[in-house]
Amino acid sequence: MSAVFEDDPPLRHVRQPLPHDSATKHVQGAALYIDDMPEPEGTLHIAIGGAPAARGRIAGVDLAAVRAYPGVVAVLTAADVPGRNDISPSRGDEPAFADTEVLFHGQPVFAVVARSRDAARRAARLGAVTVDAERPSVTVEDALERGETVLPDYVFRRGDAAAALKDAPHRLDGTFRIGGQEHFYLEGQVAFALPGEDGSVHVHSSTQHPTEVQHVCARVLGLPDALVTAEVRRMGGGFGGKESQATQWAAIAALAAVRTGRPCKLRLDRDDDMALTGKRHDFRVDWAVGFDSEGRIAAAAMEFLARCGCSADLSQGVVDRTMFHSDSSYFLPVLAIGSKRLKTNTVSNTAFRGFGGPQGMLAMERIIDAVAWRLGLDPLDVRLANHYGEGRDVTPYGMTVEDHDVGRRLLGQLEVSSDYRARREALRAFNAKSPILKKGIALTPVKFGISFTLTHLNQAGALVHVYADGSVQLNHGGTEMGQGLNQKVAQIVAEEFGIGMERVRITATTTDKVPNTAPTAASSGSDLNGRAAQIAAREIRDRLAELAGRLLGAPAAEVTFRDDRVFAGNESMAFGELTRRAYVERVHMSAAGHYRTPKVVWDRDNVSGRPFYYFAYGACCAEVIIDTLTGENRVTRVDILHDVGRSLNPAIDIGQIEGGFVQGMGWLTTEELVYDAQGRLRTHAPSTYKIPVASDVPADMRVSLFDGANREETVYRSKAVGEPPVMLANAVFCALADALHSLAPGRPVPLDAPATPEAILRAAMALQQDG
């Protein structure tokens, strides 16, 4: 499984399929998460009391019964916030506690601090919050009717789309709805705050963004950032749901700790977690496309109507990325791609693996399928006809796709290795003879831009210490949520020093070691933090090489580090021996590395620049079977070819590809969020919200890594792998639509996402009745 290339130098750790650093502890149940940490004597527990309506003015709050409940130590409201009652990332539009206005059902109004979690939860139910309720906005249509948005509209344009659509030989238009998704991380939202000296506080938070937790806690407490330390050793999953959404719970825990002078923990129950935290954005997409008789697109118009929830949160970046990826892998000569960020009285939607990109790509894949159906062509042929290529290589936002050949070659390789054409013919024959069970197949590409589109976030820091005995301690600004980031960065550091992995100690991410960090998001964790750690390690190694050169009688440039030894000419010494000498010789063996992504610049106002350092590519061929009488369906085979550049760790990367695909498959097939007319989430537990289980994973699942290096100078020429695999699952949705299309060839398939059994059954009935 190791990724070896002919022109590679010999590498001991990098590109090897080494196990996750916590794999054994995970299996044993020995990996410590925040709720596993020993609780100091006197630790208090927090529960949230929320609003009983989704929209309206708060008429009264009676907390007398809450305060009188046995075991209650304190009750916190907006009046107890010494700083700013604001937990939003930037816009100042979401309070820690609702004070005068209610924005969504269950919005926190007060927090109960008690001697036990049970007492806090029971007491919270006794709060009497009275709201002068109004009819809430729940759907896209509700928000459009009221004209309420959380951010201004935004658009990409090239040419005159209306004129090009009118002049095109063929035209189609339609509406496509794309559902949201619950993160369903195994470890829920949790924070554990410990008060310190001089009003300081140390917050253990299950967060992807320790610096944001530090900022928001300091803001709420009215403290400078330096008095707040945020720390996370590991998360039990994040998927974007702990990028901005962890801050509220950390801030409330910190406030309770400062107010009571005692350690305070806040851990949300699963139902509360699902009801009180944001989801993947859901959309209504209104689209039109003009094309020729070969399916080549002449013009496209798309409007993404995003249901953002009650505040802006991260919706600017999320919906922008939807627009960035609305081309999928296809050149659009003339276009108008717009968006509305609609305000609804539901919890604010937020980051989710792919950060808006999956929705944009899925919408375009639906358009490609519609074109193919109208013309009677194989959808793959329409995809190939529109794929980026020479002279057709500029994205809707003006960036040139310099390596479009990679995506096309990858797509071609998978077409052959998956035996797509023969299987397509076999499916036609099966469907012709099978009146009830229908099979479908689809092969779809992935082109995903890597970098934060908020340019200043494209930076990272790392701190490396080498001790006198030759052991190494590593700290960086990225966070470990199960994706193997710490393992990859440790492999890089061990490789740079030429030492065994057992010598490298990974430590918790904390703002008092590496400050001013970016979130671990945008698939950039290894790119940023791996490079920062490499820079720090090389700085120390250069100092050691200078000393080794003096000791071994050779120029520093000729000194090499490998196999736990240091070589110069015909002489060598043990790495540990060199580090002991370095200490005696007063050589500094610590370094803080900093990395900033080159080339990336984006002028949002003028829609110009280069928002992405590079693109990660992939492709998936999915085959499905559906029962047209029940809507039941199964994915029978999946072939995946994915581009990770020169993999830092192929075992971890393949795991990320498999996991991302299955998560994307869940989003598009089983995971349905349902809100009632009062704005209450009705699918707030695994009893009603269905994530994929082991039996949903295709029995025949073939995953391969594409043989290629990153053209940009990333760490060891690797590529990001966290988010792009989610979009491989587009092939599953397209295959389900393909199976339904066999019921009424030539006609559009009335299927929205997610394609639940109920949705498939409705579509099958509609196609058969109208036929």
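**Close-up legends for a predicted model**

**View 1. Arg15, ahead of the opening helix.** Arg15 sits in the segment before α1 (23–28); helices (DSSP runs of H or I, at least four residues) and strands (runs of E, at least two) are numbered from the N terminus. This is a predicted model, where local features need pLDDT of at least 70, side-chain atom pairs count only at pLDDT 80 or more, and totals for chains, interfaces and linings use all residues. Residues are numbered from 1 along each chain as its sequence is written, and side-chain values use heavy atoms, with hydrogens and water left out. Although Arg15 isn't a glycine, its phi is positive, at about 75°. For background, most residues other than glycine have a negative phi, and most peptide bonds are trans. Arg15 counts as buried because its relative accessibility is 5%; buried means under 20% relative accessible area, exposed over 50% and partly exposed in between, using a 1.4 Å probe and protein chains only.

**View 2. Tyr716 and the residues it touches.** Look for Tyr716 in the loop between β29 and α18 (730–741). With a relative accessibility of 15%, Tyr716 is buried too. Setting aside residues up to four places away in sequence, Tyr716 touches Leu11, Val14, Arg15, Ile492, Glu495, Glu496, Gln534, Arg646 and Leu648, where contact means heavy atoms within 4.5 Å. That list brings back Arg15 from View 1. Gly241 is 475 residues from Tyr716 in sequence, and their C-alpha atoms are 29 Å apart.

**View 3. Phe283 against Phe304.** These two rings make an edge-to-face aromatic pair, 5.9 Å centre to centre with 90° between the planes. Rings of Phe, Tyr and Trp (its six-membered ring) pair if their centres lie within 6.5 Å; planes under 30 degrees apart are stacked, over 60 edge-to-face, and the rest tilted. Phe283 belongs to strand β13 (residues 282–291) and Phe304 to strand β14 (residues 297–309), 21 residues apart. Both partners are tucked away: Phe283 is buried at 3% relative accessibility, and Phe304 is buried at 0%. A search of the whole structure turns up 16 aromatic pairs.

**View 4. An aromatic cluster.** Tyr154, Phe156, Phe324, Tyr397, Trp602, Phe612, Phe615 and Tyr617 come together in one aromatic cluster.

**View 5. Leu681 in its loop.** Leu681 is in the loop between α17 (650–669) and β29 (700–705). What does Leu681 contact, leaving aside neighbours within four places in sequence? The list is Met274, Ala275, Lys279, Leu673, Val674 and Tyr675. Leu681 is buried, at 10% relative accessibility.

**View 6. Ser328, with a positive phi.** Ser328 sits in the loop between α9 (315–324) and β15 (334–343). Its phi is near 50°, a positive value in a residue other than glycine. Is Ser328 buried or exposed? At 0% relative accessibility, it's buried.

**View 7. The cis peptide bond at Pro754.** The bond joining Ala753 and Pro754 is cis, with omega about 10°. Pro754 itself falls in the loop between α18 and α19 (757–770).

**Zooming out: the whole chain.** The protein chain has 19 helices and 29 strands. Of its 771 residues, 62% count as buried. Among contacts between residues at least 6 apart in sequence, 80% join residues at least 24 apart. The C-alpha atoms fill a box of roughly 85 × 80 × 50 Å along the principal axes.
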